[in-house]
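Thank you all for coming; I would like to walk you slowly through one structure this morning. Please have the model open on your screens as we begin.

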Amino acid sequence: MNTVCDEKMCSGCRACINVCSQKAIEIIETISEYNAVINLDKCINCNACRKVCQYNVQPKFRTSIFWKQGWAKEDGSRNKSSSGGLAYEIEKGFVESKGRVYSCIFKDGEFQFSCIDKVEELEELRGSKYVKSNPKYVYREIAENLKKGFKVLFVGLPCQVASLVNFVGDNENLYTIDLICHGTPSPLLLQEYLLDHSMKLENIFTIKFRDNHNFHLEINNSSLSGKRILDSYMLVFLRGCSYTENCYYCKFARKERISDVTLGDSWGSMLSVNEQRKGISLILANTEKGRWMINNSAVELRDVDLENAIRNNQQLNHPTSLPLEREKFFDNIYKGKSFESAVIRAYPIQHVKNIVKRVMIRMKLLK
Ligand SMILES: Cc1cc2nc3c(=O)[nH]c(=O)nc-3n(C[C@H](O)[C@H](O)[C@H](O)COP(=O)(O)OP(=O)(O)OC[C@H]3O[C@@H](n4cnc5c(N)ncnc54)[C@H](O)[C@@H]3O)c2cc1C
Ligand code: SF4
Ligand code: SF4
Ligand code: SF4
């Protein structure tokens, strides 16, 4: 295979297809890996794709100016988000300052990017989508907006931010936020899970992966497994078993960052249990632009113990370790087993625990 970056190391960020003038690249996507394959009949060997790829280019890692934990001032906003609602508040401040925000929405069965310049449309962005998003041709669109003089904020996964920066170069009007990232499964794998429930992504209107501290899938506003049961999609996600191959070698899993602001969960926070229940984000200002974005938003900030925060968030130290169960899990799906039975074979003990929990909830022995 003639690929843009090393085989199986593609993150699907799609910067290469944005830069290729010959339409010579195809992203080959499977449930367990991505590859950007070059069609040699069309390729003119300009090398632009390799130069823009986040995997090939060493990014400029920065030491943060400050680390804080915090949340949206407005309780309603905090409740609706994945952790403290900081992303929404920063995006709102940015749009109110006449900027345009690009981030991930779920639309027409795809986790794609949308450009938002009205506060009332920002709600669409809320929530972590624990799956690979697809930037499509958004890098070109952002470059055009920057050329026209618009201020643009891009909020996405670190690999996407890195490729965007390679694509547009240093630009004073480009602002970036990256999320601390555990790893991402392919949407094709999510589709496998939905098939067990006779559903298709393209027929779904809404999908939620998390309700503050509760990690579970909610499709069209209804939970498939019961709210207090860890469904099998989230089980393999949280066990770090379902990501595409490249994520286990991710270079962005460290405390030095590549964006203006980094957001994550303030795991291990020493603030009160009540505060933790409401959701607390971790926030890193990595540049002066980042400091400005934070100051320009309606957020409450508190000091955070840096060492404790790093200790409790492994993605600030190293990528997710490849679990032994991963091979078994994917092998079974490739052999035609359902998602659920592949999970049972990979994690039998967890599966039995879930059955017991479900029975106890039904018998009202567990709240
Ligand atoms: C795949 C993934 C893995 C994560 N892993 C960790 C982790 O290991 N540790 C940790 O501390 N935090 C992790 N996070 C971040 C965490 O889930 C929250 O997003 C973060 O704490 C900010 O929360 P919030 O309430 O401010 O914003 P949220 O309501 O979560 O919104 C975040 C912003 O990110 C965008 N976004 C959501 N999903 C995606 C996606 N798939 N691709 C691109 N953009 C997206 C939204 O559109 C929105 O603009 C992860 C997030 C994702 C998407
Ligand atoms: S080398 Fe140039 S022409 Fe060939 S695939 Fe890459 S960007 Fe396209
Ligand atoms: S630019 Fe992105 S999509 Fe293209 S090869 Fe590199 S990681 Fe894959
Ligand atoms: S783990 Fe790294 S490569 Fe994988 S989606 Fe997250 S940032 Fe991208």
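Helix α10, which covers residues 288–295, lies across β7, β11, β12 and β13, and its direction makes an angle of about 135° with β12. Please keep in mind throughout that this is a predicted model. Another helix to look at is α4, residues 86–96, which lies across β3, β4, β5, β6, β7, β11, β12 and β13, and which runs at about 90° to β3.

Let me turn now to the sheet itself. In which order do its strands come? The sheet is open and has eight strands, and reading across we find β5-β4-β6-β7-β11-β12-β3-β13, with pairing that is mixed. The edges are held by β5, residues 110–116, and β13, residues 299–303, and each of these has a single partner strand, so one side of each is left without a neighbour in the sheet. If we ignore direction, neighbouring strands of this sheet are turned by 30° against each other on average.

For one pair in detail, take β6, residues 152–156, and β7, residues 174–179, which pair in the parallel sense over five bridges; here Gly156 stands opposite Asp178 in β7.

Finally, I would like to point out Gln58, which sits in the loop between α2 and β3. Is Gln58 buried or exposed? Gln58 counts as exposed, because it has 8 C-beta neighbours inside 10 Å, and the cut-off for exposed is 12 or fewer. Between Gln58 and Gly183 there are 125 residues of separation in sequence and 19 Å in space, taken from C-alpha to C-alpha.

Notes:
Residues numbered from 1 in each chain as written. Chains lettered and ligands numbered in written order. Predicted model: local features only at pLDDT ≥ 70, side-chain atom pairs only at ≥ 80, totals over all residues. Pairing = 2+ DSSP bridges. Helix = DSSP H or I, 4+ residues; strand = E, 2+ residues; numbered from the N terminus. Axes fitted to C-alpha atoms, helices over the stretch in contact; angles between N-to-C directions. Contact = placed C-beta atoms within 7 Å. Buried ≥ 20, exposed ≤ 12 C-beta atoms within 10 Å, placed from the backbone.
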